[in-house]
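Trainee: I have a model open and would like to learn how to read its features. Can we go through it step by step?

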Amino acid sequence: MAGITLFDYQQKAINNMKNGCILCGGVGSGKSLTALSYYYLKNDGDVSTLLGGDYITMGDPPKDLYIITTARKRDTLEWDKELIPFLLSQNPENNLYSNKVIIDSWNNIGKYSEVQDAFFIFDEQRVVGSGAWVKAFLKICRSNEWILLSATPGDTWMDYIPVFVANGFYKNRSEFIREHIVYSRFSKFPKVDKYLNTGRLIRLRNSILVNMDFDRQTISHHEDVYVSYDISKYKDIMKRRWNIWDDMPIENAGELCYLLRKVVNSDEKRQVALLQILEKHPKAIIFYNFDYELELLKQLLKCNGNCGGCCGNEDACFGEVAEWNGHKHQPIPESEKWIYLVQYNAGAEGWNCTKTDTIIFYSQNYSYKIVAQASGRIDRLNTPYTDLYYYHLKSRSGIDLAISKALKEKKKFNEGKWVKW
């Protein structure tokens with residue numbers, strides 16, 4: 001049986017990896033294969049297998065393998081496919097070895113807090129803060145070997161606290177805060193004013209961060225498509241602070257931003273712009289934020305004929321429409337023409353698509369991380385496309401411009417800071 005051929009940058013990353021490290025690679029860089037290759041070598045596998053040679057078995061039994069990932073990656077069996085070249089499987093009948101292989105979601109991490117002497121791969125950064133997931137993560141790390149995979153490991157030093165504690169750099173969260181954080185005296189809630197001794201923090205981060213540097217073969221084309229909106233309705237809501245849909249006062253900044261975005265995102269000109277893009281791209285992924293956008297898109301793309309993909313009018317039909325959100329988990333269509341409607345929070349990560357070169361962002365998301373993850377769904381190592389097209393529908397309304405500015409600066413848009421309430 002042929003071995004697993006790695007790219008040079010993956011081999012370099014493996015050589016720098018160690019227990020407790022963060023494998024940091026952009027979306028589509030092959031972190032999963034690299035992580036499994038590291039596990040393979042740690043359990044007496046042979047490097048020649050990773051260079052394309054015949055498969056050489058690990059020591060039997062290798063350590064039990066636990067992969068904690070997103071619910072979507074678990075459900076779509078993405079990790080199961082990555083395990084095949086290593087002759088590993090969750091199914092004991094298909095597993096060459098007598099070890100245990102478990103793939104589960106972050107929601108169930110607490111089930112494995114008592115596991116000992118195993119190897120854990122934590123896929124996608126979820127250990128932020130001090131909640132139940134972090135507590136289970138820290139308990140697991142004390143008794144097992146582990147690595148963490150992430151495309152965006154942390155925006156602030158606070159994001160690194162759980163990983164720093166798990167590596168033994170600090171006893172607990174309190175010690176980190178005591179040594180490095182000064183809180184603002186003038187904020188009503190805990191707000192970091194500045195960090196102390198950042199030189200040490202940089203050294204600690206560099207000691208565990210393993211970057212996967214690789215040159216993408218794809219060329220990403222991002223185009224901002226500006227569309228108009230109902231300015232009078234927008235100004236009326238902004239001035240009167242009145243919910244024109246429910247006919248009642250707006251209660252907070254979050255509701256005001258939601259309603260302003262509803263005015264902007266529901267405008268017919270935005271829908272027309274979307275249809276014009278789809279005329280050029282027969283297969284496209286559309287990301288959206290809100291349920292009202294989903295209903296609008298479904299109605300807009302609805303085929304009125306009784307067809308199994310096309311009603312006979314090629315120009316009027318956009319083919320099969322499928323969804324991935326909190327309500328439906330449908331697969332990507334296989335037809336010649338299709339639209340895949342994906343809600344940002346539900347589907348920005350944990351799946352790949354090499355069947356199209358087009359993503360349309362119908363509305364903007366507040367988080368640049370989520371936008372980057374969403375963009376990576378089609379930017380994969382094995383994509384057959386060289387040119388990838390990303391269309392960002394937006395207006396020149398105050399809220400859209402503010403969101404765009406935050407994303408450009410790689411910050412998360414803050415409603416409370418933008419609106420004077």
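Trainee: How do the residues of the lining of the largest pocket divide into nonpolar, polar and charged?

Mentor: Start with the general idea. Rolling a probe the size of a water molecule over the atoms shows where empty space is left. This is a predicted model. In its largest pocket, the lining splits into 18 nonpolar, 15 polar and 16 charged residues.

Trainee: What is the volume of the largest pocket, and which residues lie nearest its centre?

Mentor: The volume is about 1,800 Å³. The lining counts 49 residues, with D155, D159, S367, K369 and K412 nearest the centre.

Trainee: Which element gives the largest share of the lining?

Mentor: Helix α15 does, with 4 residues. Several elements supply at least two residues each, including α4 (71-75), β7 (192-195) and α16 (398-408).

Trainee: Where does α15 lie relative to the strands?

Mentor: Helix α15 spans residues 368-375 and lies across β9, β12, β15 and β16. Its direction makes about 155 degrees with that of β15.

Trainee: How should I read the sheet under discussion, and what is its strand order?

Mentor: General idea: strands of a sheet pair through backbone hydrogen bonds, either parallel or antiparallel. Here 6 strands make an open sheet, ordered β9-β16-β15-β12-β14-β13, with parallel pairing. β9 (219-226) and β13 (320-324) are the edges; each has a single partner strand, so one side of each lacks a neighbour in the sheet. Neighbouring strands are turned by 20 degrees against each other on average, direction ignored.

Trainee: How many bridges join β12 to β14?

Mentor: There are 6, between residues 283-288 and residues 338-343.

Trainee: What is the average pLDDT of the protein chain, and where is pLDDT below 50?

Mentor: The chain averages 90, and 96% of the residues score at least 70. Residues 304-309 fall below 50; beyond near neighbours in sequence, that stretch has 4 contacts in the model. Where pLDDT is low, the predicted coordinates should not be read in detail.

Definitions and conventions. Residues are numbered from 1 along each chain as its sequence is written. This is a predicted model: local features need pLDDT of at least 70, side-chain atom pairs count only at pLDDT 80 or more; totals for chains, interfaces and linings use all residues. Side-chain values use heavy atoms; hydrogens and water are left out. pLDDT is the predictor's confidence in each residue, from 0 to 100. Contact means heavy atoms within 4.5 Å. Two strands pair if DSSP finds at least two bridges between them. Axes are lines fitted to C-alpha atoms, for helices over the stretch in contact, and angles run from 0 to 180 degrees between N-to-C directions. On a 1 Å grid over the protein atoms alone, a cavity is a set of points where a 1.4 Å probe fits but cannot get out, and a pocket is an open set with protein on both sides within 12 Å along at least five of seven lines; lining residues have an atom within 4 Å of a point. Grid points are joined across faces, edges and corners, and a volume is the space filled by probe spheres set on the points. Ala, Val, Leu, Ile, Met, Phe, Trp, Tyr, Cys and Pro count as nonpolar, Asp, Glu, Lys and Arg as charged, and the others, Gly among them, as polar.
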